Structure formats: C-alpha cells, structure tokens
Amino acid sequence: MRWMLVLLLAAGASGQTRHNLHACVVNAKSWVTGAKLAASGLIRLDETQGVEQLGFVHPMILAADYDRRDPSVLYLAAGNGLIRATDGGRTWRITTGWDVTELRDVTVDPNAPGTVYFTHTAGIHRTTDGGATWQPADQGIDGKYCETIQADRARAGRVVAGCVNGVFLTEDGGASWRRTGAEGIQVRRVAQSPHRPQEWLAGTQMAGLLRSTDGGRTWEAAGDVAVERNLYDIAFDPAQPGRIALAGWGTGVLVSEDNGKTWERRGQGLPRWDIWSVTFDPGRPGRLYANVHEEALYVSEDAGRTWRNAGFDGAVIYRLHFFPEAAR
Amino acid sequence: MIPLLFAFLLAAPPDYPARAREIIQHHARPASLETAGYGTIAAKLRLKEDPEWCSRRLIEILKAGPTGDMFWMFPVTAVAYTGRDQLSPEAWQALREAWRTYMPFRGDTENHWLLYYTSMYLMAQMWPDQPGEAWFNGKSSAENFKESEEWIHWWVDMTTRRGQGEYDCTHYIGVFLLPMSYLAEWAEDPIIRKKARMMLDYIIADYAAEQIEGIYAGSHARTDDRQVVEKWAGVSSDFGWLLFGLGYHTPGYGGYPLYYVLASSYQPPEILQRIAKDRPDGVLHKETKRTRHRWRFHEERNGDVYKTTYLRHDYVVGSDQGGLLQPVQQHSWDVTWRVADPRGVHNTLFTLHPYSGLLELQAYFTFAPDSATEVVYRSKKSYDSPDKLLGGSPYEQIFQDRDTVIALYDIAPGARFPHINGFFSKDLTMVTEDPSGWIFARGGDAWIAYRPLAPYSWKPIEGGGRRLFSPHLKNGAIVQVASAREFRSLDAFRAAVTRLPLEVRLEPTPSVRFRTLRGAEMHCTYGAPRDFSSWKLFDGPFLKAERGSRMLELRHGTMRRVLDFNTLTVRDE
C-alpha cells in the first residue's frame with residue numbers, strides 16, 4: 001500500500017518534462033562486507049513502471065547524475081568504481097579500474113558534453129569522453145579525500161568540490177583547483193541555487209552552513225544554523241525561489257523560506273531527527289522527500305511541515321535525485 | 001631403541017601432504033550433505049568424488065542466489081578449477097551465469113581486493129575472449145584479466161618494497177596465503193605463477209620468524225577479541241599446523257586452509273621449516289610494515305610500522321611503535337609465553353589505551369561522522385567499549401629492547417575513555433603486588449615483571465583473568481621478562497628486577513629511564529623524536545631485506561634462499 005502511495009507521489013506532474021525519483025539506497029542495518037544484502041543500490045520510483053531496482057544490488061551507490069544529451073544514461077558513484085548505466089540505468093559498465101575506490105559523488109557538466117567528474121577517497125577524476133577514459137583532475141587540492149562535487153550549470157569547466165580540508169573551485173575543467181573557503185573543515189555537500197547561479201551553499205562537518213554569492217569564489221558562514229552538527233544534504237526548491245531544505249544529524253529537516261536568512265525545523269511525523277538526504281519534487285510544488293536514518297523515506301506535501309512514511313523501511317538513502325523522464 | 005623409534009614415529013605429526021589430505025577429506029565428507037556448501041563441493045572435486053552430486057549441489061546453491069561478495073568469489077573459483085573436467089554442462093552454465101548476474105562488492109581492504117582480483121584473474125583466464133555483456137561489471141574478459149593482473153603486480157611490488165599493509169594478521173594471514181596459492185597453481189602465465197610461489201615463501205617466512213609453536217606472536221595489524229587473549233585460537237594456528245606441523249589446528253581446520261590446499265602444490269621449502277622450528281634461544285627480529293590506506297588526516301597514504309619481536313624458547317615479546325596504525329583491530333604489543341597445550345589458555349600479557357573515535361574511523365574508512373561508530377560496532381562489538389582489549393590508540397607510544405617493553409600513554413583530556421587497560425591472564429601464576437611498585441608473575445616458564453606508572457585497580461574479565469584499570473591520563477607500564485631458567489625463584493627474579501635503576505616522570509609528559517635486565521639503558525619520553533631511519537624491511541638472523549629492495553634473503557645456518565622480485569628469481573645456496 002505504501003508503495004502505491006510512493007508511486008503516485010513520485011511521478012512528477014509538471015506538464016512539461018516528467019521527472020522520476022532515483023534513490024541511492026543501502027539497506028545495511030545488519031550488513032557487513034560479505035553478508036547478504038537487502039535491496040540496495042539505485043532504485044527508481046516511477047509512476048508506470050513501479051519501484052524498480054536499476055541494475056545490480058550494490059552496497060555503495062552514493063550519488064548519481066544523468067547525461068544531459070541522453071537522459072537514459074546515468075553515471076553512478078559506487079563502491080566498485082564509476083558506473084555508466086545505460087538503458088535508463090539498467091545496464092551497467094564499470095568504467096574505472098583499480099586506481100580509484102569508494103566513490104563519493106558524481107556530477108555531469110551540463111555545458112560540456114561528455115564531461116563528468118567524480119570525487120573519491122583520494123581526489124577527483126574527470127572524463128571528457130563520456131566515461132571511456134578517466135584522468136586525475138585534482139591538482140591544487142590538499143587533503144585529497146573529496147566528498148562532494150557539483151558542476152556549475154552556468155559555465156562549462158567551473159566546478160565546486162567539498163573535500164576534507166575545505167571547499168575548492170576550478171574554472172578550467174579540473175586542470176587546477178584553489179581552496180576558496182572552509183580551510184580545516186570537512187565539507188560534506190555543495191549545492192548551487194537553481195534560481196541564482198552565483199549562489200552556492202556548502203554543508204559541513206561540525207561547522208554549519210557556508211554561503212557563496214559569487215559563484216564559489218568566496219565563502220562565509222550562513223548564520224549559525226547547524227553549527228556543531230553535521231550537514232549531509234542541501235536542496236533548493238526549483239519551484240519556489242527562496243525555499244531551501246537542509247538534512248543533518250540531530251537537526252531534523254531544516255527549511256528556510258527566505259533564502260537562508262532564517263531556518264525552521266520541520267519534523268512533525270518524523271521518527272527521529274537524523275536525516276541523510278532531502279530533495280524537492282520539481283513537478284509538485286511543496287513536495288519534499290527526506291530519508292530518516294534507518295527508518296524510512298518520508299514525504300511531505302507542505303514543504304516539510306508534516307510528513308508521512310513513503311516506504312524503504314530500515315534504509316539509509318544517501319542521495320535522492322530527480323532525473324528527467326527520458327531517462328527511461 | 002627400536003620401540004623408542006616406533007613410539008617417536010607414532011607421536012610425530014603427519015607430514016605436509018598427509019596434513020593437506022586430512023583437511024580436504026574432512027571437508028569432502030561432512031556429517032551431512034544437505035547443507036554442504038562450496039567447500040565440500042570443491043573438496044570432493046579435488047578428490048574426484050561424486051561429480052554428479054557436486055554439479056547438482058552447485059546448481060542448487062547458485063539458484064538460491066550468490067551472496068558474500070569477494071568471499072563468494074574465491075570458493076566458486078576453487079570449484080571452477082577443481083571441477084574443470086568434472087562438472088556437468090548445466091553446472092557450468094549456472095556458474096557462468098552467476099558471474100554475469102551477481103555483482104560482488106570489491107570491498108575496502110587489501111585482503112578483499114586480493115580475493116577479488118585473484119578470482120577475477122583466474123575466471124577471466126578460464127573464460128577468455130568474452131564480451132563485457134558476459135560479466136557483471138560490463139568489462140570484457142581481456143579487460144578484467146588486465147586490470148586484475150595489474151593490481152596483483154602492484155600489490156606484490158608494494159609489499160616487497162614497503163611491507164605488507166595488513167601485516168601479520170592472525171586471521172587474515174589466510175586471506176593472503178590463499179590467493180597466492182591459487183595463482184601459484186592455476187595461473188597459466190609462468191610469471192604470475194612464479195611470483196605467487198615467491199610470495200608464498202615471503203608471507204610464510206614472515207610468519208615463521210615470529211611464531212612460537214604456531215602461535216603468531218607480537219604486534220598484529222589485525223586480530224580479534226578472542227585471539228588477542230587466547231593466542232592459539234585462530235587461522236594462523238591452522239597454518240602453523242598445516243605448514244610446519246606445529247601446535248594445534250582449530251576445530252574443523254578452519255575454512256581458509258581448505259582453499260589453500262585445494263590449489264597448492266606448493267610446500268614450504270626446507271629453509272622455512274628450519275626457521276619455524278629450529279632457532280636459538282634469543283632471536284631479535286625487526287621489520288617494517290605499512291599502515292592500511294589512510295584516506296584522511298595524513299599527508300602520506302601509507303605510513304610505516306616499525307615492529308620488534310624478540311623470541312626466546314619460553315616466550316616472545318613483540319611490539320610496534322604505537323599510535324593508530326590500523327583501524328579497530330590493531331594489537332600493538334604483548335608478551336606471549338609458551339605452553340604445552342595452548343587451547344583455552346590465555347598465554348599473554350599487554351596493556352592498551354581503549355581508543356574509540358572519528359580520528360581513526362575517518363582516517364581509514366569513508367564513514368560519515370555520525371554513524372561510523374554504530375556501523376563498526378555491528379561487526380566489531382568491542383570497538384566502543386571502555387573495557388576492550390583490542391585496538392590502537394593515538395595516545396600510546398611503545399619502546400622495546402629485547403625482552404623489555406615500555407609503553408607510555410599521554411591521553412588527551414576529553415578522550416572518550418580516559419584510562420588504560422592491562423590484561424592479566426587467568427593463567428598467570430604467582431601474581432604478587434610487590435611493595436616496590438612492581439607486579440611479579442609467572443606465565444608458563446617466563447617470569448614477568450610489570451611496573452604500572454600510575455595508580456590502578458583490578459576489574460574482573462568475563463572469561464577469566466583481571467583487567468588492570470588505571471584512570472590517569474599520564475600513564476604507562478614497564479614490562480621485563482626473563483626465562484624461568486635464568487632465575488631459580490620468583491624471589492630471585494624480584495631481587496634482580498628491583499635492583500635495576502629506574503626513574504619515572506609523568507609530568508609534563510611521561511618519561512622513563514630504565515636499565516634492563518640485559519644491561520640496556522632505555523630512556524623513553526612520550527612525544528620525543530624517534531629515529532627509525534636505519535630500520536630495514538626485515539632485519540634478523542633469519543630474514544634480511546632492505547627497504548625498497550623488492551628482495552628478501554632467508555637464512556638458516558649455512559642455508560640461504562634469496563627471493564628477488566626484480567629479476568623474478570629464487571637463488572638457493
């Protein structure tokens with residue numbers, strides 16, 4: 001029954017391009033390497049196809065992005081490497097070798113066809129040929145472990161990455177990076193506003209939220225939200241400028257309606273306040289999804305004020321992505 | 001004379017081929033076949049027994065769905081190679097399909113990767129010229145073969161230049177021996193085959209030089225909550241028994257030795273037998289190992305581990321330099337004494353600071369900060385316990401001169417567990433808290449003197465023994481060991497130790513000046529610079545290797561064997 005609800009909810013209805021929710025799931029409550037793993041990996045919630053495990057069960061799919069030229073091609077940041085998933089995510093090929101492991105995040109440069117970046121335990125890699133070949137692209141980053149990466153949708157070759165020792169910016173397609181903020185701080189998520197491309201946010205480990213209003217060139221503390229907490233995800237509402245949601249540990253879902261000036265904890269109906277991921281539905285204004293640590297996926301129709309269980313009981317969902325319908 | 005010889009022959013352990021056969025037969029003929037797994041199938045195939053049942057059972061198991069990641073890959077690889085000319089076409093089809101439809105996780109440790117890439121290498125060799133669609137990862141046979149081969153070469157190179165990453169593990173030694181065994185027998189490439197045989201020499205030599213009756217002694221990258229106190233109880237003892245006929249194997253022979261002997265025509269050469277079983281009383285062995293990959297907080301991905309092991313007939317004292325060298329299961333130092341039958345015996349003594357924290361978990365793993373400890377706890381129950389007896393600490397530094405160890409602790413204020421634990425075995429005898437401040441005891445035929453540097457109390461340990469609990473941030477212990485043959489009584493040992501000059505200072509940082517029973521002057525200060533620049537990859541009477549050399553020289557008496565990975569040659573003298 002819950003799945004039916006999820007299916008009905010998950011299909012966007014914007015009247016234009018439909019988007020479907022893709023969840024990077026691990027059902028690992030009692031799992032250690034080598035043990036039997038419940039449904040985990042990339043799971044799609046689709047109005048007509050239902051809930052579908054895309055490709056293999058895998059314990060470590062941490063993020064995904066889609067090819068802007070062909071949305072049926074997905075790139076997955078996985079434990080075993082960078083997976084290029086065709087046929088809407090169903091057919092997998094690991095495109096990397098033994099030189100990288102335990103990938104953390106992936107981003108497609110929307111203005112540079114075939115260019116994809118991923119972060120991993122020891123830096124950043126880039127492809128310019130759709131994943132056929134990869135090269136290290138982390139010159140200038142000290143402390144190579146990088147958790148998060150986002151290509152600037154406004155200009156090719158501009159990319160922001162969050163690493164173990166700060167937030168870094170490249171403006172030459174990864175050939176060189178410079179730290180632009182958060183020195184000495186682990187950055188766990190970076191995100192670009194869909195409304196104001198110069199505006200970025202960075203969620204950190206124990207240092208709150210950082211804001212950049214100049215395209216990632218400089219950063220400053222965005223108030224005192226979630227300081228001494230760990231922020232795991234950031235979501236801008238694509239339909240409502242000024243509305244932003246944060247996911248963090250012990251924070252619940254924090255929502256701002258004034259572009260981050262003030263924040264409200266919205267958690268009525270959530271079983272605990274340890275949140276891994278949040279995302280707004282681009283086709284349903286006000287609809288917000290959040291994963292509560294090893295509880296379930298939750299959905300809100302009122303921008304987080306009230307929530308209800310939407311399935312995936314017991315799961316951790318590291319990322320929630322909406323990809324265009326053409327990804328089928 | 002003849003009856004005596006006869007009795008000796010009866011008492012002698014079986015030779016290597018007989019021991020290997022014993023293991024295979026044990027697994028091939030379980031009490032019930034209903035729940036038999038890959039091990040039984042592979043063992044039966046190795047003995048060429050009942051291939052029809054093997055085929056049927058293999059199909060049944062695969063139909064239920066593979067699980068186990070790389071721990072699935074290595075058993076089915078053994079089944080494939082032992083069953084090459086025996087499995088039915090239907091069984092082959094099921095096996096082939098499994099490698100297309102099940103994606104094993106590659107894992108996050110070198111032992112995981114060695115199992116993964118060895119299995120990939122051999123299966124790609126078995127099924128060459130197949131397209132990416134035939135494999136779970138979408139790569140062709142040629143691509144899988146090449147990637148696996150490259151990583152295996154990288155691992156051998158790294159190990160023979162910088163030392164093993166998961167070094168001297170009481171359990172995971174099996175997971176390193178097993179892939180080398182597979183490759184030594186089943187690889188078609190003579191280079192890989194030879195390299196694997198040389199790595200078997202290499203890993204086994206490392207173990208042979210640091211064991212006492214098959215018990216892996218001293219510092220380990222990884223051990224577990226049981227074997228850290230019951231030193232015999234693990235895989236390393238299975239291999240001590242299998243390879244050298246030393247000590248006792250665990251019940252059922254463990255799992256890893258089966259897969260090892262399924263493949264291996266390799267037998268430890270005579271020189272390894274001698275190193276393991278024939279050594280003088282008082283061997284000082286030093287070596288350099290490598291930390292596991294450190295993803296965060298360190299400039300260098302793999303740090304150096306400097307190990308010292310001093311082996312006498314009656315006991316072994318071993319240590320590393322202290323610090324967080326491995327995650328979760330590090331064991332930094334101990335005294336291990338010889339016992340006639342170690343089963344159920346806690347024949348060891350050590351201390352540690354029970355560290356638990358993100359500095360460790362985020363350095364070695366990709367964990368998010370809030371769930372890291374919880375995730376580790378699920379498989380390593382003691383990790384976040386103040387009572388634990390396993391694990392390294394950033395607040396521990398260790399100094400060793402032969403059979404003297406000085407462990408110093410400078411625990412940061414605010415550390416989760418602001419105390420040290422000392423393990424005092426149920427099997428120690430004559431434990432005496434002396435007015436001098438020393439604690440004296442006897443373990444087997446070893447006298448042990450333990451000097452706590454800060455006040456302590458005793459707490460019981462489930463399973464026997466006592467935990468020395470000392471809740472002071474500036475802390476430490478001095479341990480001096482001697483053979484019972486050197487001192488006729490505890491009083492004589494006590495008199496000798498209490499006469500030794502000793503100065504202790506705990507502020508501002510712990511510092512000890514001590515003249516050992518062997519006459520060495522040890523002056524140890526927590527945090528003071530230490531010079532390991534002359535430390536070699538292996539340095540002892542039996543093993544010699546320079547850092548970066550890709551070579552290892554084995555010595556025993558007039559015998560020499562030089563493993564040269566630069567030229568891929570073995571030179572015996």
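This briefing covers two chains, their contact, and selected local features.

The model is predicted: local features need pLDDT of at least 70, side-chain atom pairs count only at pLDDT 80 or more, and totals for chains, interfaces and linings use all residues. Residues are numbered from 1 along each chain as its sequence is written, while chains are lettered from A and ligands numbered from 1 in the order in which they are written.

**Chain A overall**
- Chain A has 28 strands and 1 helix. Helices (H or I, at least four residues) and strands (E, at least two) are DSSP runs, numbered from the N terminus.
- Of its 328 residues, 61% are buried. A buried residue has 20 or more other C-beta atoms within 10 Å of its own, an exposed one 12 or fewer, and a partly exposed one falls in between, with C-beta atoms placed from the backbone.
- Among contacts in chain A with a separation of 6 or more, 47% link residues 24 or more positions apart. Contact means that C-beta atoms, placed from the backbone, lie within 7 Å.

**A four-stranded sheet in chain A**
- Strands of chain A form an open sheet of 4 in the order 12-13-14-15, paired antiparallel. Pairing requires at least two DSSP bridges between two strands.
- Strand 12 (146-151) and strand 15 (178-181) of chain A are the edges; each has a single partner strand, so one side of each lacks a neighbour in the sheet.
- On average, neighbouring strands of this sheet are turned by 30 degrees against each other, direction ignored. Axes here are lines fitted to C-alpha atoms, for helices over the stretch in contact, and angles run from 0 to 180 degrees between N-to-C directions.
- Strand 14 (residues 166-170) of chain A runs antiparallel to strand 15 of chain A, joined by 3 bridges. A:Val167 has A:Gly181, in strand 15, as its bridge partner.

**Where chains A and B touch**
- Each side is counted: 27 residues come from chain A and 27 residues from chain B.
- On the chain B side, helix 8 (141-162) and helix 15 (372-379) are the elements giving two or more residues. Helix 8 of chain B gives the most, with 3 residues.
- The chain B side holds 8 nonpolar, 10 polar and 9 charged residues. Nonpolar covers Ala, Val, Leu, Ile, Met, Phe, Trp, Tyr, Cys and Pro; charged covers Asp, Glu, Lys and Arg; the others, Gly among them, are polar.

**Domains of chain B**
- The assignment gives chain B domain 1 (16-277), domain 2 (283-535) and domain 3 (543-572). These bounds come from an automatic or database domain assignment.
- The centres of domain 1 and domain 2 of chain B, taken over C-alpha atoms, are 33 Å apart.
- Their contact takes 28 residues from domain 1 and 37 residues from domain 2 of chain B. The domain 1 side has 10 nonpolar, 8 polar and 10 charged residues.

**Helix 13 of chain B**
- Helix 13 (residues 270-277) of chain B buries B:Ile271, B:Leu272, B:Ile275 and B:Ala276. Down the helix axis they fall within an arc of 135 degrees, so they line one face. The arc is that of the directions from the helix axis to the C-beta atoms.
- Those buried residues pack against helix 10 (190-208), strand 1 (211-212), helix 11 (235-244), strand 22 (551-556) and strand 23 (559-564) of chain B.
- B:Glu270 and B:Lys277 are exposed on the other side of helix 13.

**B:Gln329**
- B:Gln329 sits in the loop between strand 5 (315-319) and strand 6 (333-337) of chain B.
- B:Gln329 counts as buried because 24 C-beta neighbours lie inside 10 Å.
- Beyond neighbours within four places in sequence, B:Gln329 contacts B:Arg222, B:Thr223, B:Asp224, B:Lys380, B:Leu390 and B:Gly391.

Definitions and conventions:
Two residues are in contact if their C-beta atoms, placed from the backbone, lie within 7 Å.
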